[in-house]
Amino acid sequence: MTPNKMLTLLLPCFLLFSLLIGCSNANSPVSHTATATDSGENPPASDVPGTNGTAVGFLFVGATDDFGYNQAIYQSTVAAEKAFPDLHIIRKENVPENSDSEKVMEDMIKSGAKIMFPLSNGYLETAMKVAERHPDVVFFIPGGDKTLPNLGDYTFSFWKEMYMMGVVAGKQSKSGKTGFVVAFPANRILLQVNAFTVGLRSVQPNATTKVIFTNNWCDPMKQADAANELMDEGIDVITQVQNCTKTIHQIAEKRGVNTIGYHVDGSSIAPNSWLSGLVFDRSKLFIDMIETTKEGRFKGSRYDGSLIVKNDVDKFMQLASFGNNVSEDVRRLIKTQLKDIQSGALSPLRGPVKDQSGTIRIAEGTSPTEEVLSKTNYFVDGVIGEIPKKQ
């Protein structure tokens, strides 16, 4: 074979080999560039908990039209949705506080959620399991009292506002008998009952608060039984700490008993018996939580541990509208007290404060810290009822 013919046969092979080498070089970096991890700097944003997500997940323990806790939160999620049009707000209502919630959380994460709001402390243990599996996802739990590097808990403090509701009740009650329907004997709920009663007795020293526990956040039948029992005993003002509030308002309206609301303004369903109430709005808080986390600032923020959210700082609660039966004098008094509380001029639980047995629980001239009050495990003088023992 002549050299020319051999060259002709080998030329295509040479060209193919050169082409393959060129493609290989094109897909390989010419030089190594140090990454953030290599240089010892902060890790990329994708490694920071809560960042680079496309959605935010909210797990509701009840229905979002419950005229109470879940409805108030739903309205706040709508505000968050408007504030973050680039994020998909995923809502799931009536999620059981058991292992079923685990699948809901996992599904939300698969849908792009890097920020999760399981909206009951009943989800805590399950959320902690999911959080440990997904360190890139941030979880916020209300009243959980446990934290992880990617899980923070938050608790609301509004006993001062409940004190003012007691003042309203004391000004409006003719019998001096009021009723309080309570879900569970949690420390902060006991604190609310106490603050209400101290406010009540600041204007009616001999007035009483009869308490009935339902041991359920939303059980209309138990609520109805409790409300009717209290009204049969002659109470003429009733309030509650329940997730769904409609049932008690409706019974109060039907029986002509004054009612004080919780979570949302219930004046539309109790127009004749409505006095006032507390309206919760977590919009500002949720937006700040999401923004802080989304920007990679969860760690080191006030949200990465156990946060006590105070209304005088975060403005998560407002006083509801006053009912037609509330006088102008009472309205002015409450507005003045609100200003005094916010300025620090009025400290509602300033001692001396006695418990049901007559023992001094808050010494004269002292005001307990928020941390001390959060451990309240007694009823003050003027409360009728026993605190159920924990099972």
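From β3 the chain passes through helix α4 (residues 124-133) to β4, a β-α-β crossover that is right-handed, meaning that, with the strands pointing away from the viewer, the path from the first strand over the helix to the second runs clockwise. This is a predicted model, in which local features need pLDDT of at least 70, side-chain atom pairs count only at pLDDT 80 or more, and totals for chains, interfaces and linings use all residues. Residues are numbered from 1 along each chain as its sequence is written, and side-chain values use heavy atoms, without hydrogens and water.

**Partners of β3**
- Strand β4 (residues 138-142) runs parallel to β3 and is joined to β3 by two bridges; pairing requires at least two bridges found by DSSP.
- On β1 (residues 55-59), five bridges link the strand to β3 in the parallel sense, and Phe58 has Phe117 of β3 as its bridge partner.

**Burial of β3**
- Six of the six residues of β3 (residues 113-118) are buried, so the strand is largely enclosed by the rest of the structure; buried means under 20% relative accessible area (1.4 Å probe, protein chains only).

**The whole sheet**
- The open sheet has six strands in the order β2-β1-β3-β4-β5-β11, with parallel pairing.
- Because β2 (88-92) and β11 (306-310) each have a single partner strand at the edges, one side of each lacks a neighbour in the sheet.

Methods: Buried means under 20% relative accessible area, exposed over 50%, partly exposed in between (1.4 Å probe, protein chains only). Helices (H or I, at least four residues) and strands (E, at least two) are DSSP runs, numbered from the N terminus.
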